[in-house]
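Please read the following report with the sequence and the model side by side.

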Amino acid sequence: MRRSAAPSAVAKRLSFQSPEIGSSVKTSSGRSCKRKRHNLQDADQDDELGMVQEPLKDMGNVTFMSLLPDSPSMSSHVRDWVGVVSDMCRFYIQGWLEMWPELLIRRLLNKPFKIPIPNYQPSSYGRCLGIRRQGARQPLHDPFEPNALVLYDPPEISEHDKLKLDSAKFPVHVVVDPILCQVLRPHQREGVKFMYDCVTGIRIPDSYGCIMADEMGLGKTLQCITLMWTLLKQGPDCNPLIEKAIVVAPSSLVKNWYNEISKWLGGRVTPLAIDGGSKSDIDRNLTGFMNTYGRRPVNPILIISYETFRLHAKVLHQSEVGLVLCDEGHRLKNSENQTYQALMNLKARRRVLLSGTPIQNDLLEYFSLVHFVNEGILGTANEFRRKFENPILRGRDADAVAEDIKKGTEKLQELAAIVNRCIIRRTQALLTKYLPVKYEQVICCRLTPLQEDIYQSFVNSDTIRRGLKSTEGVKMTSSSLAAITSLKKLVNHPDLIFEHCRNGKEGFENAFKFYPQAYNPVKQRLQPGLSGKLSILDGLLAFVKASTTDKVVLVSNYTQTLDLFERLCGLRSYRYVRLDGSMTIKKRAKVVDQFNDPTSPEFIFMLSSKAGGCGLNLIGANRLVMFDPDWNPANDEQAMARVWRDGQKKECFIYRLLAVGTIEEKIFQRQAHKKALSSCVVDREEDVERHFSVADLRDLFKLEKNTPSDTHDKFRCKRCVNGIQVKGPPEDSDCNSDLSLWHHCTSKKGLVDLALKQCWEAGITFAFHHKSHDQIKVV
Ligand SMILES: [Zn+2]
């Protein structure tokens, strides 16, 4: 007790007999005890100890003084001493009593910190919840996490060197934020690393720019956001490499960039998006942005349209910017224009140009883009002309002599070698390797006798013959267009033209007699066996339903055919969904979600190839039947992409049904031809007219009989002997290759797809098939 009451102070007071004794005494709680000194003096004068006992009543009136004998012989010195000591103890005890609830509460509240997330596994490295980081120089994120993307690896320093070097200067890893790591695909990780190496001058010394020219759909924006976020937060020397970044984009994409940043960074940063507004407002915002410095700026990212940038370039030129990203960067192909100049004068060393369009052959445009990101890498415009453009163009000239050609080629290679170090371009083909294998099969189906009879009678009818004669030298008429549609419907199912036949419409005058007696499709149950294609579809669906958990998308050009599908589903009790053109977008989304749920009972999704709508994602199905070919190959491609796309986990099977020898096979041939040319793609039915001569039309209406495949006949295939493929397709071919480079077979033996094998006998005459890619074996 005495010890805790500052004995040195007590000793001092005793030796000097200072009247100020009490004033310097402090209780353990630090409170001054002046008031208590007054009590002491009272005790001295009146010797009434009871008074000083007052505050100690709680202790049962037991005090130090009360224990002393009340002896008149006790000297005043001793009394003084006893008084002081008693006072000290009293103060101490009293103070402690006043304190204890506080201490107790504090102790209760000072429970050790617990991590509020149940089952949280702290990382053994770097930053983690509830644990203070050890030491100052550490990477922001753990470079040894399983999925970590390390953009910068510090060089190894030996223990010996560590002693010699200043530990405050050791470089640290630069590691992409795990929230982005987990969404980046392998090619995107590669792209981010490439750009990081460019903008930090690792790839080309003293050059800090690059061109990101990935095709659409490969995630250029995400890669750029990752780069930007990393640079804004980290650097090898423990400080962010940049303080702020500018994204320049076409006006229509400003909002998109804002949304993408929020989407991927989830509110970790609030970009400043500027597109339009009053000049003074914009200037004020931009000035604020340019004056932003420090480690945690409010808006470290500015998103601005090209137009606004050009108009307010003056403000933006005022100070340095860490990084500038130019979306749709091919706008900068002309180094003379004002926007180019405005951007060029930006005090930004790190420049990334995004472009999804392949860079044109125009060398000067090429120069402008490369010059923008890495000024001087190709010299000045004049130097470039002299050194590269002129010799390359001379080499390409029709009159070029061998020496010129050689020099031109050399210069082109030299140029490519320089610029390839700062350009990255990947195509969409890259995506396929992450998807499951897709088997595409083109299936030639025999017509039923009924279909063949009606077909022949129609194309031999006077109406058609006259039509083809009268259009001599003239383009296709609307009547021939209607005739095409009738034939296409006939090969889908004779029911679809039943009314025409019964009413003896043009061309169908002699067709009604071919139908079975008393046939009435409206009143009777559907007879799939009357159509070659529908028989095969019926068999295929039954096999898939019985032996797999797969779902199927059925696509046709005609709503009437979709009605037919509905009747088939009714007949076989299949649950189905039909996307209706009149459906609201909300309803559509609901229907699609429900179908994609693997546990939902819907087995079939019916889709019109015309009213399919954009971006429809039907990955719940992994089989897709295109019941009739479209004039436009793009429509068919689009339909196939609904199942074979991101998120699909199962192998996909695409079936394209063609009625053999009929107009369908001919449409398909034209389609394949068009695809090969990929130049004149027809978008509308009317356009078809312009693409047909009368000779074409005659060919179109001619039924090729006694052939398993008219298409194969036209190839004059050299890989087949006696109708059997003896030589496989080239190693590097896939289902994007020309059809003549696909596998093909006239019997089910050569097929890969079990389901198709099962229904070969239903009327398949020939099949072309190929796969998208070789499956990467996952161990
Ligand atoms: Zn062949």
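## A threonine in helix α8

T230 has its place in helix α8, which covers residues 220-233; helices here (H or I, at least four residues) and strands (E, at least two) are DSSP runs, numbered from the N terminus. This is a predicted model, in which local features need pLDDT of at least 70 and side-chain atom pairs count only at pLDDT 80 or more, whereas totals for chains, interfaces and linings use all residues. Residues are numbered from 1 along each chain as its sequence is written, and side-chain values use heavy atoms, with hydrogens and water left out.

Is T230 buried or exposed? With a relative accessible area of 1%, T230 is buried, a word that means under 20% relative accessible area, while exposed means over 50% and partly exposed lies in between (1.4 Å probe, protein chains only). The side chain of T230 reaches the backbone oxygen of T226 at 2.6 Å. If neighbours within four places in sequence are left aside, T230 is in contact with L151, V174 and V176, where contact means heavy atoms within 4.5 Å.

## Two further residues in helices

T561 is found in helix α23, residues 559-572, and T561 is buried, with a relative accessible area of 0%. Leaving aside the neighbours within four places in sequence, the residues in contact with T561 are N492, L496, S556, F627 and D628.

A429, which belongs to helix α17 (residues 429-432), is exposed, with a relative accessible area of 52%. Although A429 and L218 are 211 residues apart along the chain, their C-alpha atoms are separated by 9.9 Å.

## Salt bridges within helices

Side chains of opposite charge can pair when their charged atoms come close. A salt bridge is counted when a side-chain nitrogen of Lys or Arg is within 4 Å of a carboxyl oxygen of Asp or Glu, and a search of the whole structure finds 30 of them. One of these joins K193 to D197, with the closest N and O atoms 3.1 Å apart; both residues lie in helix α7 (residues 186-199), 4 residues apart, which is about one turn of the helix. K193 counts as partly exposed at 30% relative accessibility, whereas D197 is buried, with a relative accessible area of 12%.

Helix α10 (residues 279-290) holds both K279 and D283, 4 residues apart, or about one turn of the helix, and these two form a salt bridge whose closest N and O atoms are 2.9 Å apart. K279 counts as exposed, at 53% relative accessibility. In helix α10, D281 and R284 are 3 residues apart and so are separated by about one helical turn, and their side chains meet in a salt bridge (3.3 Å, N to O). D281 counts as partly exposed at 34% relative accessibility, while R284 is exposed, with a relative accessible area of 54%. Elsewhere, D550, R623, K650 and D753 are linked in a network of salt bridges.

For four tetrahedral donors, the ideal angle at a metal is 109.5 degrees.

## The whole chain

The protein has 30 helices and 19 strands, and of its 779 residues, 47% count as buried. Among contacts between residues at least 6 apart in sequence, 73% join residues at least 24 apart. The protein exposes about 40,800 Å², of which carbon and sulfur atoms supply 52%; accessible areas come from the Shrake-Rupley method with a 1.4 Å probe, and for residues only the protein chains shown count as cover.

Terms used. A polar contact is a pair of N or O atoms within 3.5 Å; within protein, one must be able to donate a hydrogen and the other to accept it, and residues adjacent in sequence count only if both atoms are side-chain atoms.
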